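We will go from one selection to the next.

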Amino acid sequence: MLPRKHGSGSTWDRRFQECIQLGIFVKLRRRLLKIYGDEIGVKWKWQSLASIPIKYSLGRRRHVKIVVIDVT
């Protein structure tokens, strides 16, 4: 729960969903990886991420979307 002085939780959720729809987090991740790669260096040929469905109460499952990013 967020402190009330920062606005309502529903407002934060709306803004968060807008950021997702606009692709802001994907763009931010790409930019930060580029900066990190330029300054420190990332020596990978490939990267993979494995995931499993996350089980919720009442037996519902959430499937996690795997996003492939291009940092070149």
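Is Glu18 buried or exposed, or does it fall in between? Select Glu18 and look at its surface. Its relative accessibility is 39%, so it counts as partly exposed. Keep in mind that this is a predicted model.

Arg15 and Glu18 form a salt bridge, with the closest N and O atoms 3.5 Å apart. Both residues belong to helix α1, residues 9-22. They sit 3 residues apart there, so about one helical turn separates them. Arg15 is partly exposed too, at a relative accessible area of 44%.

Step just past the end of α1 to Gly23. Check the backbone here: Gly23 takes a positive phi of about 75°.

Next, select helix α2, residues 24-39. Pick out Lys34 and Asp38 within this helix. What joins their side chains? A salt bridge, at 3.0 Å from N to O. The two residues are 4 residues apart, about one turn of the helix.

Lys34 is partly exposed, with a relative accessible area of 42%. Asp38 reaches 55% and is exposed, because the cut-off for that class is over 50%.

To finish, show both pairs together. How many salt bridges does the structure hold? It holds 2.

Key. Residues numbered from 1 in each chain as written. Predicted model: local features only at pLDDT ≥ 70, side-chain atom pairs only at ≥ 80, totals over all residues. Heavy atoms only, no water. Salt bridge = Lys/Arg side-chain N within 4 Å of Asp/Glu carboxyl O. Buried < 20%, exposed > 50% of the residue type's maximum accessible area, 1.4 Å probe, protein only.
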